[in-house]
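Let's take a walk through a protein together.

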Amino acid sequence: LTALVVSSAFATFPVASSAEAVEDTPTWSREDASNFTLTDENTAPNIDSFTDVAPEYWVWDTWPLRDRDGSIAKINGYYVQFALTASKDYTWGGRHDHAVIRYFYSKNGKDWELGTIPYDEDKALGFRQWAGSAMIDEDDKIHLFYTASGRKDEGPTFEQRLAKTTFEMDYDNKEGFQVTNNGEHQILAEADGVYYETQAQKTGDIIYSFRDPWFFQHPETGEEYLIFEGNTGGTDKTLEADNIGNVDGPIPDGAEDYNGNVGIAKAENDDLTEFELMPPLLEADGVNQQLERPHVVQKGDDYYLFTISHQFTFAPGLDGPDGLYGFHANELFGDYEPMNGTGLVVANPENDPFQAYSWAVLPHGQVISFINEFHDENGDFQLGGSFAPTLKLKLKDDTSEIKGVMGEGEIHG
Ligand code: FRU
């Protein structure tokens, strides 16, 4: 079946135009990614302890409810954040196989109360639901974009599709938070095998990606998009000069299996049920397998494309930290260049390189993430699984600087 899907996708995209488009895709090259240094500007302070936001659950990738224009939304005076969660009956590593989305709400943007799973788990697509984004439209309908990961009846397999469901949320003093009017669950996009690698085209040991849809409304044209994590499509994995840049020595074997990209799909209707895949915004062929949870923040003429990545997903011969990486251009479909020279925007402190992960840059330079693993004041190893302190990031032209720290999971509109 996968082979059929791939060949029909080839038929709908003329080879010449996709080859052209892919040639123009900005690259994060091996040269760009060969010189990471931790500095005061990019290194988060140590975490020594934390308050568990939901003691019964592991909590990781998190995203706030936003308005169509990307600003942080409120429902009857309450902020809402959605997060991947799994019961602590599962192991920390096993949580990915059992992820469901739950919501949290807060009046002051600091003290979070746990809500529920805002959809019917039996109707949700995928064996489990992975990361996404959430937008409330002008009719108060919430569009929850997520990754349908695997298939319901197959156990925790790794096919990934971009999906959506809708519902409404309300708060009143008597009933607390309520979710109503649950809509259908729909698949919005699947890997085409041309711009975006299918599971069957994957080579190498790390799972392929077609996940983490992030809603983005273009501030100038009003056009709407999903930005997502992909890998470069096709079976020819030969690296181009642009993927390498100016580096010494031969490229280690197997580097070509690492082909992460940042994908984009354009909405074809206002109800956001139909999307068309476009060529990727950025590719990291030969550099990194996973450009996770990508998202764009616009400030005047500056477009910042952020993505998170892991040390273990860098291609052989490259060594980069678990971190938030950023790319700068002057338009959405611009010629993205790595910020700060290498792309590194936020790293963990040297003595706790896996302290936090899954940073997301929100309006006003607020950067949320979750606590992963750290060492406490006594040097004891601790698992997190809760909201990390929010960082304040200053963006100027193509540079960034961590300016301060706020509360755990703290956000303001
Ligand atoms: C990032 C991530 C996402 C994915 C989720 C799965 O932390 O790998 O790309 O949606 O975690 O748990």
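In which strand does valine 80 lie? Valine 80 belongs to strand β2, residues 79-87. Strands here are DSSP runs of E with at least two residues, helices are runs of H or I with at least four, and both are numbered from the N terminus. Before we go on, please keep in mind that this is a predicted model, in which local features need pLDDT of at least 70, side-chain atom pairs count only at pLDDT 80 or more, and totals for chains, interfaces and linings use all residues. Residues are numbered from 1 along each chain as its sequence is written.

Is valine 80 buried or exposed? Valine 80 is buried, because 25 other C-beta atoms lie within 10 Å. The cut-offs are these: 20 or more other C-beta atoms within 10 Å of a residue's own make it buried, 12 or fewer make it exposed, and anything in between is partly exposed, with C-beta atoms placed from the backbone. Leaving aside neighbours within four places in sequence, valine 80 is in contact with Pro64, Leu65, Ile75, Tyr103, Tyr105 and Met169; contact means that the C-beta atoms, placed from the backbone, lie within 7 Å. Methionine 169 is 89 residues away along the chain, yet its C-alpha atom and that of valine 80 are separated by 9.7 Å.

Now step back to the whole chain. The protein chain has three helices and 23 strands, and 47% of its 413 residues are buried. Of the contacts between residues at least 6 apart in sequence, 60% join residues at least 24 apart. The C-alpha trace spans about 65 × 50 × 45 Å along its principal axes.

Next, find β10. Six of its seven residues are buried, so β10 is largely enclosed by the rest of the structure. β10 pairs with strand β11 (residues 224-231) in the antiparallel sense over five bridges, where pairing requires at least two bridges found by DSSP. Tryptophan 214 has isoleucine 227 in β11 as its bridge partner. Six residues sit between the strands of this hairpin, and glycine 222 takes a positive phi near 75 degrees.

Finally, turn to the ligand. Of the 15 residues around the ligand, His96, Trp130, Ala131, Glu292 and Ser358 come nearest; a residue counts as near if its C-beta atom, placed from the backbone, lies within 6 Å. Elements giving two or more residues to this shell are β1 (57-67), β5 (128-136), β10 (211-217), β14 (292-299) and β19 (356-361).

Technical notes
Two residues are in contact if their C-beta atoms, placed from the backbone, lie within 7 Å.
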